[in-house]
Amino acid sequence: MLAELARDEDGFLINRNQWSEGVAEAMALEDGLTLTASHWDIIYFMQAYYDEFNHQPNARLFARAIKKKLGAEKGASIYLYKLFPDGPLKYANKYAGLPIPPSCI
Amino acid sequence: MNLIGTLPLVLDVKTLFFIINKGLQGNVCGQEFLDIILMAAAFDQKVVVLFEGDGVNALLKNQQPECLNLKNMMPVLDTLPVYDINDVIVEKESMEVYGLTENELAIKAAVVSRSDIKKRLRSADHLFGF
């Protein structure tokens, strides 16, 4: 499934139109992660934020925006890092089919 | 010296005034300035954003900077309420210079006279410009 998709060197989709939940799950599995309902909350949040503001926040703003929308518990850094151990901002964007955020290196 | 040990656990809340007195396009400064504003709010500081002088034009609706290959800043300004930045003011006299009316502004902002702005500036702990 993933082999047919155009992706950049970090595995981010080049074309968001190729995104589907199945693609997100496959990309996560490739990174050794099984997506749960808690992951999806964050992934859908990311997509909605991007669609509304056409803007990608940095990690601190990202956590703050989640806190505002989904509650303090889900905006806590430790909670987000438990979901996405290699970096919540980067990997939530990756599985959301969005570009790599400018603040990620 | 243990620098970490000297940092307070909770930052004092200060009133930070961010003054936008020129266009946000043209170089990267405007964009970086907006990032600083958002970050200040993310660190729980009391943020006031003031548009004056040429800066009032940044608030106009229906801008199309993309046709000049410039980044549209309006989506970033739209995120201000997400970070609880609700104290946005525009100088009345500057709006008059450009013949702008309140309903031409793309985001919610209070129109305040120069003399009232002067009073408000006195309440600021820090002023930032770019």
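Axes here are lines fitted to C-alpha atoms, for helices over the stretch in contact, and angles run from 0 to 180 degrees between N-to-C directions. Everything below comes from a predicted model, in which local features need pLDDT of at least 70, side-chain atom pairs count only at pLDDT 80 or more, and totals for chains, interfaces and linings use all residues. Residues are numbered from 1 along each chain as its sequence is written, chains are lettered from A and ligands numbered from 1 in the order in which they are written, and side-chain values use heavy atoms, with hydrogens and water left out.

**Figure 1. Helices H2 and H3 of chain A cross at roughly 105°.** Helices (H or I, at least four residues) and strands (E, at least two) are DSSP runs, numbered from the N terminus. H2(A) covers residues 37-53 and H3(A) covers residues 59-70, and their axes come within 11 Å. Angles under 35 degrees count as roughly parallel, over 145 as roughly antiparallel, 65 to 115 as roughly perpendicular and the rest as oblique, so this pair is roughly perpendicular. Look for A:Asp41, A:Ile42, A:Phe45, A:Met46 and A:Tyr49 on H2(A), in contact (heavy atoms within 4.5 Å) with a set on H3(A) that includes A:Phe62, A:Ala65 and A:Leu70.

Figure 2. The meeting point involves A:Ile42, A:Ile43 and A:Met46 from H2(A), with A:Ala92, A:Asn93 and A:Tyr95 from H6(A). Sorted by class, these are 5 nonpolar, 1 polar and no charged.

**Figure 3. A salt bridge ties A:Asp51 to A:Arg16.** A salt bridge is a side-chain nitrogen of Lys or Arg within 4 Å of a carboxyl oxygen of Asp or Glu. In this one, the closest N and O atoms are 2.7 Å apart. The partners come from distant parts of the chain, with A:Asp51 in helix H2 of chain A and A:Arg16 in the segment before helix H1 (21-30), 35 residues apart. Over all chains, the whole structure has 11 salt bridges.

**Figure 4. Chain B meets chain A.** Here 14 residues of chain B touch 11 residues of chain A. Together the chains bury about 1200 Å², with 60% of it on carbon and sulfur atoms; buried area is the accessible area (1.4 Å probe) that two parts lose on being put together, summed over both. B:Ala42, B:Val82 and B:Tyr83 supply 39% of the area that chain B buries here, more than any other three residues. Two chains, 2 salt bridges between them: one joins the side chains of B:Asp44 and A:Arg64 (2.9 Å, N to O). Helices H2 (29-42) and H3 (74-78) of chain B each supply at least two residues to the side touching chain A, and H2(B) gives the most, with 4 residues. That side of chain B has 10 nonpolar, 1 polar and 3 charged residues.

**Figure 5. B:Asn72 sits in a loop of chain B.** The loop runs between strand S2 (46-51) and H3 of chain B. The side chain of B:Asn72 makes a polar contact of 3.3 Å with that of B:Glu66. A polar contact is a pair of N or O atoms within 3.5 Å; within protein, one must be able to donate a hydrogen and the other to accept it, and residues adjacent in sequence count only if both atoms are side-chain atoms. The B:Asn72 side chain also reaches the backbone nitrogen of B:Met74 at 3.0 Å.

Key: Ala, Val, Leu, Ile, Met, Phe, Trp, Tyr, Cys and Pro count as nonpolar, Asp, Glu, Lys and Arg as charged, and the others, Gly among them, as polar.
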